[in-house]
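My notes follow in the order I looked things up.

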Amino acid sequence: GETPASYILEGLLGFLASKSPGASALLRRYVFHVVPCLNPDGVARGHHRLDTRGVNLNRVYGSSTPEEHPSIRAAEAACLAAHQHQGGLRLYLDLHAHSNRRGAFVLADSARRGRP
């Protein structure tokens, strides 16, 4: 299921690296931090969102530990640093594909609206 998400990320990076006026405008205005894969150990074993211990890494944000979820802890630290030192975090984009849904869709946590 993650192949389409990788394809989207590749397209986004290609766009940002292009000479497009739109890409140039975005790069002048925003800092992009790109983490291509938060779950390399799980993906190497054929998992999509589960790490090698069977934990869904999308469910440990806010409760991660450095010992058990080092990649999520690092992503949280990067987001906090952007919030503290770069004028705030504008967008956190977590790309995934879905095995039984077609087209594009967005999932969001509306309960956290307005919180850093």
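Before anything else I wrote down the cut-offs: buried means under 20% relative accessible area, exposed means over 50%, and partly exposed lies in between. I also noted that this is a predicted model.

**Entry 1: one leucine.** I picked Leu27, which is found in helix α2. Its relative accessibility is 42%, so Leu27 counts as partly exposed.

**Entry 2: the patch around that leucine.** Which residues form the nonpolar patch on the surface? I got Leu12, Leu13, Phe15, Leu26, Leu27, Tyr30, Phe32, Val34, Leu91 and Leu93, with about 840 Å² of accessible area together. Two elements give two or more residues to the patch, namely α1 (3-17) and α2 (21-29). The largest share comes from α1, with three residues.

**Entry 3: the fold in outline.** I counted four helices and zero strands. Along the sequence the pattern reads α-α-α-α. I then checked contacts between residues at least 6 apart in sequence, and 34% of them join residues at least 24 apart.

**Entry 4: surface and burial.** How much of the protein is buried? Buried residues come to 16% of the 116 in the protein. The accessible surface is about 9,000 Å², and carbon and sulfur atoms own 56% of that.

**Entry 5: the second largest pocket.** I looked up its volume and got about 1,200 Å³. The lining has 42 residues, and the closest to the pocket centre are His33, Val34, Val35, Leu93 and Asp94. Val34 and Leu93 were already on my list for the nonpolar patch. Which helices each supply at least two residues of the lining? They are α1, α2 and α4 (70-85). The largest share, five residues, comes from α4.

**Entry 6: a buried aspartate.** I finished on Asp51, which is found in the loop between α3 (40-44) and α4. Is Asp51 buried or exposed? Its relative accessibility is 4%, and because buried means under 20%, Asp51 counts as buried. I then asked what Asp51 is in contact with, leaving aside its neighbours within four places in sequence. The list is Asn39, Asp41, Gly42, Leu57 and Glu68.

Conventions
Residues numbered from 1 in each chain as written. Predicted model: local features only at pLDDT ≥ 70, side-chain atom pairs only at ≥ 80, totals over all residues. Heavy atoms only, no water. Patch = residues over 30% accessible without salt bridge, like charges linked within 9 Å, V, L, I, M, F, W, Y side chains within 5 Å. Areas by Shrake-Rupley, 256 points an atom, 1.4 Å probe, with all protein chains shown as cover. Salt bridge = Lys/Arg side-chain N within 4 Å of Asp/Glu carboxyl O. Buried < 20%, exposed > 50% of the residue type's maximum accessible area, 1.4 Å probe, protein only. Contact = heavy atoms within 4.5 Å. 1 Å grid on protein atoms, 1.4 Å probe; cavity = no way out; pocket = protein on both sides within 12 Å on 5 of 7 lines; lining within 4 Å. Points joined across faces, edges and corners; volume = space filled by probe spheres on them.
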